[in-house]
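This report summarises selected features computed from a single protein model. Please consult the sequence and the coordinates shown below alongside the text.

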Amino acid sequence: MSIKRIISGVILFPIFALILIFGNKYVVDVFISAVAIMSLHEFYKAFQGKANPIRWPGYITAILICFIHVIPGEFVLPIITLIILINVLVLFTQVVVTSMKNNITDVAISLLGTCYIVFFLMFAPLIRDNLEDGKILIWYVFFAAWGTDIFAYFIGRKFGKHKFTEISPNKSIEGCIAGLFGSIIMCMIYTVICNSIWNVNINYLYIFGISIFLSVISQIGDLAASSVKRDCGIKDFSNLIPGHGGILDRIDSVIFILPFAYFLLSII
């Protein structure tokens, strides 16, 4: 791991943690909205020369995250569904009114970016502020992703012999299996801390199962982002974060976990 990568992580993690721990729900909503906008910009830019995504509906949808807690809790999921439908309608309307200046490929990439990035990220503030003990539960998302990444990286680098997929040639079967154990270890340690310090009585067996599932989802998310970059012929989505690439490079696995974690953690 490069010095730039380590320094960037040391600087950015405390900022991120402070916002997530001490920020009120509106501050977190604005923060997630900003992350969504930057990630969406990186995603659309990756397709430069291959397609012409219709960007403005995605950006407007990302801005709407700022207002997610203005909506009464019981109406949030129906409204998210409605916004997806409106996005589809708006994108195809633009194709029609511009006489196919934008084509179906543009529509598909535009909608994929909005669903994959914006709608998945919406579940971060929903987990944190709409679920009971959400400020505690949200960290399972990150510990599952980080545990998977860290163990997969170091064990795969040292012991990886069998290639997992051509999408990401550096990934090995050994690393993927190690990632599962990394997620389990991190999540179980965090559960011990939660039950001991915050007295929340989280079921260990349930978290054991969740940590495996979230690790698998995390690795699929990482490979999904790699497949996009491979198709677009780029190494990173941007060079915004020294040693890490872009925002989307850093959160690709977390994004995939969020919606699944919301429904799994809501029944703890």
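## Helix H2

At the start of H2, the backbone nitrogen of Tyr 26 has a side-chain oxygen of Asn 24 within 3.0 Å. Helices here are DSSP runs (H or I, at least four residues), numbered from the N terminus. H2 comprises 22 residues, 25-46, and spans 31 Å from its first C-alpha to its last, close to the 32 Å expected at 1.5 Å a residue; the expected span is 1.5 Å times one less than the number of residues.

Buried positions in H2 include Val 28, Asp 29, Ile 32, Val 35, Ala 36, Ser 39, Leu 40, Phe 43 and Tyr 44. A residue is buried under 20% relative accessible area, exposed over 50%, and partly exposed in between (1.4 Å probe, protein chains only). An α-helix has 3.6 residues a turn, so residues three or four places apart point the same way.

## Basis and confidence

The model is predicted: local features require pLDDT of at least 70 and side-chain atom pairs count only at pLDDT 80 or more, whereas totals for chains, interfaces and linings use all residues. Residues are numbered from 1 along each chain as its sequence is written, and side-chain values use heavy atoms, with hydrogens and water left out.

pLDDT is the predictor's confidence in each residue, from 0 to 100. The protein averages 93, and 97% of the residues score at least 70. Confidence is lowest in H1, with a mean of 79, and highest in helix H3 (residues 56-63), at 98. Where pLDDT is low, the predicted coordinates should not be read in detail.

Phe 22 belongs to helix H1 (residues 3-22) and is exposed, at a relative accessible area of 64%. From Phe 22 to Ile 84 the separation is 62 residues in sequence and 31 Å in space, C-alpha to C-alpha.

Leu 111, in helix H5 (residues 104-121), is partly exposed at 22% relative accessibility. Leaving aside neighbours within four places in sequence, Leu 111 is in contact with Asn 87, Val 88 and Leu 91, contact being heavy atoms within 4.5 Å. Leu 111 and Tyr 59 lie 52 residues apart in sequence and 11 Å apart in space, C-alpha to C-alpha.

## Cysteines

With a disulfide defined as a pair of cysteine sulfur atoms within 2.5 Å, the count is 0 disulfides. The closest cysteine sulfur to that of Cys 176 is in Cys 187, at 17 Å, too far for a bond. For Cys 232, the closest cysteine sulfur is in Cys 115, at 17 Å, also too far for a bond.

Cys 176 is buried, at 12% relative accessibility, and Cys 232 is buried at 14%.

Note on methods: Helix = DSSP H or I, 4+ residues; strand = E, 2+ residues; numbered from the N terminus. Polar contact = N/O pair within 3.5 Å; in protein donor to acceptor, adjacent residues only side chain to side chain.
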